[in-house]
Amino acid sequence: MEKQIIIDGKKIKLETNGLVPFIYKKHLERDFFDDVYTLSTGAADIEILYYLTWVFAKTADSELPDLETWFSSFTAFPVRKYINELVSLSVASLSTGEKKEKKHKATEEND
């Protein structure tokens, strides 16, 4: 799943796929699933929102600089403005793909 947001006049592509939890762990030394769970409990942890933004941007662009360098390139970064996009991408990262698998199996059985 992909989304695009504009922050500080810059277009930012955000992407989620199966690699997201590994990028999160490798670069942030935090557990992606624990942090998404924290957000799902209604805790408005801004730090987690910043982490998610960077990881989704890093997933979309492997050449993205480290977290501190990237964030320092912005004059302002209103992360709360994009909470819906971040939550949507987080949920997509957690989906199992069962619907696709069932649909694919049904198509194979009909062939």
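Helices (H or I, at least four residues) and strands (E, at least two) are taken as DSSP runs, numbered from the N terminus. On this basis, the protein chain contains six helices and two strands, arranged along the sequence in the pattern β-β-α-α-α-α-α-α. The structure is a predicted model, in which local features need pLDDT of at least 70 and side-chain atom pairs count only at pLDDT 80 or more, while totals for chains, interfaces and linings use all residues. Residues are numbered from 1 along each chain as its sequence is written, and side-chain values use heavy atoms, with hydrogens and water left out.

Of the 111 residues in the protein chain, 34% count as buried (under 20% relative accessible area, with a 1.4 Å probe and protein chains only). With contact defined as heavy atoms within 4.5 Å, 61% of the contacts between residues at least 6 apart in sequence join residues at least 24 apart.

The packing of two helices was examined in detail. Helix α2 (residues 32-40) packs against helix α5 (residues 83-94) at an angle of about 130°, and their axes lie 11 Å apart; axes are lines fitted to C-alpha atoms over the stretch in contact, and angles run from 0 to 180 degrees between N-to-C directions. The angle therefore makes α2 oblique to α5, a class that remains once angles under 35 degrees (roughly parallel), over 145 (roughly antiparallel) and 65 to 115 (roughly perpendicular) are set aside. At this contact, Phe-32, Phe-33 and Val-36 of α2 meet Ser-90, Ser-93 and Leu-94 of α5.

How values were computed:
Buried means under 20% relative accessible area, exposed over 50%, partly exposed in between (1.4 Å probe, protein chains only).
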